[in-house]
Amino acid sequence: MKQTVRPPDHRSVRPRNGAARAAPPPARTTERRRPTSPQWAAWAFLTPVTLYLALFYAYPLYRNLDLSLRNYTVRSFVQGDAPFSGLENYRKVFDDPTFAPALLHTVVFTGVCLAFQYAIGLALAVFFNQHFRLSATLRALFLVPWLLPLIVSASTWSWMLNSDSGIVNAALHAVGLAPVNWLTSPSWSLTSVIIANIWIGVPFNLVVLYSGLQSIPSGLYEAAALDGAGAWRRFWSITFPLLRPVSAITLLLGLVYTLKVFDIIWIMTKGGPADASTTFATWSYRLGFGNLLPAFGPGAAVGNLLVVAALAFGLLYMRVQRKQAYS
């Protein structure tokens with residue numbers, strides 16, 4: 001008689017005492033997958049940023065440094081066989097009679113523009129923080145100078161400050177004042193480009209400082225008002241101290257932007273007359289591209305001085321922020 005073989009039964013087996021005993025589950029033959037290391041994801045996100053910084057920041061800085069350390073001419077610039085000259089280009093820049101006036105104009109242009117842009121931007125930010133009717137509309141209109149291309153803004157100011165047909169001199173004549181040679185006088189050319197750059201930079205300060213004011217709790221102002229503090233007291237005791245981190249980054253970005261301003265000065269005055277409005281930015285361009293025999297090395301050296309100045313202020317800002325974080 002043939003006996004049939006039954007497969008093993010994995011159902012629970014009931015022993016004699018009546019308690020149910022579960023059969024052990026079958027062993028799994030597949031292993032669990034190890035989780036993907038987060039380092040690969042981090043490198044995947046960092047790779048595009050690293051390539052962008054290397055191609056558009058590190059390489060141009062390296063090329064500019066190489067230009068300042070070699071004696072480049074038009075032929076050697078094309079063929080790439082310029083001899084190494086060391087710090088000779090920097091010596092030429094420091095010995096040039098244009099260096100001292102350009103340095104003075106750069107310091108005056110940057111300092112005056114930063115001071116007025118920040119002061120006017122902060123006043124407008126506090127004004128628009130009152131949330132009155134048409135506040136959003138007027139705030140949007142103040143962004144127009146920031147949105148216009150620089151060539152349009154500079155050309156508009158050149159027309160307004162024209163000595164013969166400018167609207168500014170026409171307004172001065174209407175009130176009985178003598179006309180001013182804004183763009184052709186050595187005494188007024190630097191002032192003219194400063195006024196134009198202040199007008200262009202105020203909207204940036206307004207936007208950043210206004211966003212900083214939005215983060216200050218309104219309860220602080222209400223408590224100060226209940227204690228009898230006036231408007232000026234609330235500003236100096238609450239607004240200005242709490243706005244200090246935003247003010248620091250606003251001034252730093254404004255400093256970096258103002259140091260490299262070229263378009264406005266070149267379109268309005270070209271650095272003249274008689275180098276009266278020449279800054280490092282316009283001088284660097286004129287050395288490298290403004291002559292029939294361009295001096296690539298000295299022009300790159302002047303540009304590197306601007307880079308070093310911006311880097312020094314950036315490191316100073318980071319050190320101040322670190323001290324404030326630890327205090």
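**Aromatic pairs and a helix crossing**

A: In this predicted model, there are 22 aromatic pairs. One of them joins Phe 128 and Phe 132: the ring centres lie 6.1 Å apart and the planes meet at 20 degrees, so this pair is stacked. The two partners can also be described by their accessibility. Phe 128 has a relative accessible area of 0% and is therefore buried, because buried means under 20%. Phe 132, with a relative accessible area of 31%, is partly exposed. Elsewhere, ring pairs connect Phe 262, Trp 266, Tyr 285, Phe 289 and Phe 296 into a cluster.

The account now turns to the helices. Two packed helices are described by the angle between their axes and the distance between the axes. Helix H9 covers residues 189-214 and helix H12 covers residues 244-259. Their axes come within 10 Å and cross at roughly 155 degrees. Since angles over 145 degrees count as roughly antiparallel, H9 and H12 are therefore roughly antiparallel to each other. The crossing of H9 and H12 is right-handed.

The residues in contact complete the picture. On the H9 side they are Asn 197, Ile 200, Phe 204, Asn 205, Val 208, Leu 209 and Gly 212. These meet Val 246, Ser 247, Thr 250, Leu 253, Tyr 257 and Thr 258 of H12. Sorted by class, the contact of H9 with H12 comprises seven nonpolar and six polar residues, with no charged residues.

Terms used. Residues are numbered from 1 along each chain as its sequence is written. This is a predicted model: local features need pLDDT of at least 70, side-chain atom pairs count only at pLDDT 80 or more; totals for chains, interfaces and linings use all residues. Side-chain values use heavy atoms; hydrogens and water are left out. Rings of Phe, Tyr and Trp (its six-membered ring) pair if their centres lie within 6.5 Å; planes under 30 degrees apart count as stacked, over 60 as edge-to-face and the rest as tilted. Buried means under 20% relative accessible area, exposed over 50%, partly exposed in between (1.4 Å probe, protein chains only). Axes are lines fitted to C-alpha atoms, for helices over the stretch in contact, and angles run from 0 to 180 degrees between N-to-C directions. Helices (H or I, at least four residues) and strands (E, at least two) are DSSP runs, numbered from the N terminus. Angles under 35 degrees count as roughly parallel, over 145 as roughly antiparallel, 65 to 115 as roughly perpendicular and the rest as oblique. A crossing is left-handed if the near helix is turned anticlockwise from the far one by less than a right angle, and right-handed if clockwise. Contact means heavy atoms within 4.5 Å. Ala, Val, Leu, Ile, Met, Phe, Trp, Tyr, Cys and Pro count as nonpolar, Asp, Glu, Lys and Arg as charged, and the others, Gly among them, as polar.
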